[in-house]
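Subject: Structure handover

Hi,

Here is the structure I promised to pass on. Please load it first, then read my notes below.

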Amino acid sequence: MTINIYRGSAFYVLLLAVLSLAGCKKFLDREPLTATLPDLKQGALESQSYNMYRIMRTYSGMTELVWLDFHSIRGDDAQKGSDAGDGAEVVGMYDQYNYAKSGWAPDTYWNDHYTMINAANTSLYLAKQGNLTDAASLRNIGEACFFMAYSYFELVKAYGEVPIINFRVEKPADAIRPKSTVEDVYKFIDSNLAVAERLLPRSSDEYGVGFNGRLTVGAAYTLAAQTFLFRQKWDSVLDRCNKVIALGQYTLPKFTDVWKDGKDGAGKNGPESIFEMQATVGANAASVSANDQGSNWGVCQNIRQNGASDYWDFGWGWNTPTDKLVSDWPADDPRKKATILYSGQYDGGPAEGGYGLTLPAYTNPNGTGGLAQKYWNKKVYGDPEMRTFSGWVKGNVGRWINRRILRFADVILMKAEAANEKGDGATAAAMLEMIRKRASGGLDQSRAIVPYIPFTGQAQMRTAIKNERRWEFAMEGYRFYDLVRWGDAVAVLGPLGYSNRCRYHPIPQAAIDLSGGVLKQNPEW
């Protein structure tokens, strides 16, 4: 079998940066790159695939603080959070748009995505060298192509022009390559997703028993739709969204059910889930390392308290809702109480995604005597039963929480947006209603809560869809890039310090220096 993937001109121009800034451990703790052909048998790429899921689960630039800096904290609905002294530099860098060309966050985001790219290319290299065409290996190739496309989509949104990798790096000098154009990066993404669409299975069950959460063709279609959305290729958006819908595998359950991460596993990989980062812990995980296959996705956002009580010192407390999100969001939208957790208030109980507890009051930005923030992200609220079960009762609460990366709600709202831009107001209104009806608990159009919005004009529906994406995906990392692609970022974020050049982040200076000048800084930086 020939894998026809468009190959651009470059790789990670700074594997050197990964080695010198992030340390060698990230490259030493995975399968060796020197596997020989006799090592390769049917399904032999499994370890390479596992490594990519591990990178997604554990690397900060993929699913932790740094990812939140780039995707969520840069928007108007989320802020750094935590206490005043914790990561104070992030306020200036990402809340106020004074981006830095060096530092832990910018270096890590760049390095971690290229680490994933290198892992994907290693898998593809081994598949080609072994001429692997068995069913298991073809699925693995599909996984590698998806992770390649996913990483480059993250990079092109963050930086614009970036180097393209199309081979396994064998020595550091090989990694020094110039940037490719945004158009060529998207072509590379498209070609990889075309392979993923062809090779990924319809259901994760095809990987075997116990592989919930592994990639499927629905994930490839959804990611492709997202990439076309950013390029305003409306016909292609509609095509991919319709393919996801035609699979008949996804529905919209009760909104609060999506975020359940309890001992029984309810909420994880549910009927709305298209792709989730998997995180699991067993009994006494805090003391038995083998029982902890968790992630810091939930930990880094859970409630932070300094002193006074151990019970409410859940995690690191980053990515907290802003006053603006709270004031702008209509009070009668049930998703508001299911998304925002209020200091000093009752958590709403199970009906609102809570556990029947009352939080300590907000006291000051240092959290002494109470909590350091007025609001918290309820979509990662730690389950008390899981705290007891896992032994993670303080500081690491939420290591069992999956990150919902691709949701069916996004497919529905992408279809609504594309249909509206194509002049199909009836479809746009119908898709919007699917999301609003779910938010209203399944009530019909006569309801007063989250009322039905009829189509009266393209501009009116465009505004309605923008608002709906804001409420539906609050605190999930969509807002900043939605504002950028809509052309609304200057108007909305300008009062916070944003200017048009902030749509792209500067490339890490260490990467430029180590390239010997081959890699050029973004022109506006």
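**Helix packing around H8**

The axes of H8 and helix H10 (residues 217–230) cross at roughly 25° and come within 11 Å. An angle under 35 degrees counts as roughly parallel, so H8 and H10 are roughly parallel to each other. Their crossing is left-handed. On the H8 side, the residues that meet H10 are Phe146, Ala149, Tyr150, Phe153 and Lys157. On the H10 side they are Ala219, Ala220, Leu223, Gln226, Thr227 and Phe230. By class, this contact has eight nonpolar, two polar and one charged residues.

Before going on, please note that this is a predicted model.

H8 spans residues 135–159 and also packs against helix H9, residues 182–199. Here the angle is about 155°, and the axes are 8 Å apart. Angles over 145 degrees count as roughly antiparallel, which makes H8 roughly antiparallel to H9. H8 passes H9 in a left-handed crossing. H8 brings Leu138, Arg139, Ile141, Gly142, Cys145, Phe146, Met148, Ala149, Tyr152, Phe153 and Val156 to the contact. H9 brings Val182, Val185, Tyr186, Phe188, Ile189, Asn192, Leu193, Val195, Ala196 and Leu199. These residues divide into 18 nonpolar, two polar and one charged.

What is the make-up of the contact of H18 with H19? Geometry comes before the answer. H18 covers residues 458–472 and H19 covers residues 479–486. Their axes come within 10 Å and cross at roughly 165°. That angle makes H18 roughly antiparallel to H19. The crossing is right-handed. Lys466, Arg469 and Arg470 of H18 make the contact with Arg479, Asp482, Arg485 and Trp486 of H19. By class, that is one nonpolar, no polar and six charged.

**Strands E2 and E8**

E2 runs over residues 273–277, and E8 over residues 403–407. The two strands pair in the antiparallel sense over four bridges. Two of the facing pairs are worth looking up. Glu276 stands opposite Arg404 in E8. Phe275 has Leu406 of E8 as its bridge partner.

Are these strands covered or open? E2 is mostly covered, with five of its five residues buried. E8 is mostly covered too, and five of its five residues are buried.

**Buried loop residues**

Two loop residues have a positive phi without being glycine. Ser82 has a phi near 60°. Ser82 is in the loop between strand E1 (78–81) and helix H6 (89–95). Its relative accessible area is 0%, so Ser82 is buried. Tyr97 has a positive phi of about 70°. Tyr97 sits in the loop between H6 and helix H7 (104–130). Tyr97 is buried as well, with a relative accessible area of 3%.

Tyr97 is also among the contacts of Arg74. Where is Arg74? Arg74 is in the loop between helix H5 (65–73) and E1. Is Arg74 buried or exposed? Arg74 counts as buried, because its relative accessibility is 0% and the cut-off for buried is under 20%. Leaving aside neighbours within four places in sequence, Arg74 is in contact with Asp69, Tyr94, Tyr97, Tyr99, Phe480, Tyr481, Leu493 and Cys502. For a distance check, take the C-alpha atoms of Arg74 and Tyr355. They are separated by 30 Å, and the residues are 281 apart along the chain.

Val380 is in the loop between strand E7 (375–377) and helix H15 (384–390). At 4% relative accessibility, Val380 counts as buried. Which residues does Val380 contact, leaving aside neighbours within four places in sequence? They are Trp297, Gly298, Gln301, Asn302 and Ile401.

Best regards

Notes
Residues numbered from 1 in each chain as written. Predicted model: local features only at pLDDT ≥ 70, side-chain atom pairs only at ≥ 80, totals over all residues. Heavy atoms only, no water. Buried < 20%, exposed > 50% of the residue type's maximum accessible area, 1.4 Å probe, protein only. Pairing = 2+ DSSP bridges. Axes fitted to C-alpha atoms, helices over the stretch in contact; angles between N-to-C directions. Parallel < 35°, antiparallel > 145°, perpendicular 65-115°, else oblique. Left-handed = near helix turned anticlockwise from the far one by under 90°. Contact = heavy atoms within 4.5 Å. Nonpolar A, V, L, I, M, F, W, Y, C, P; charged D, E, K, R; others polar.
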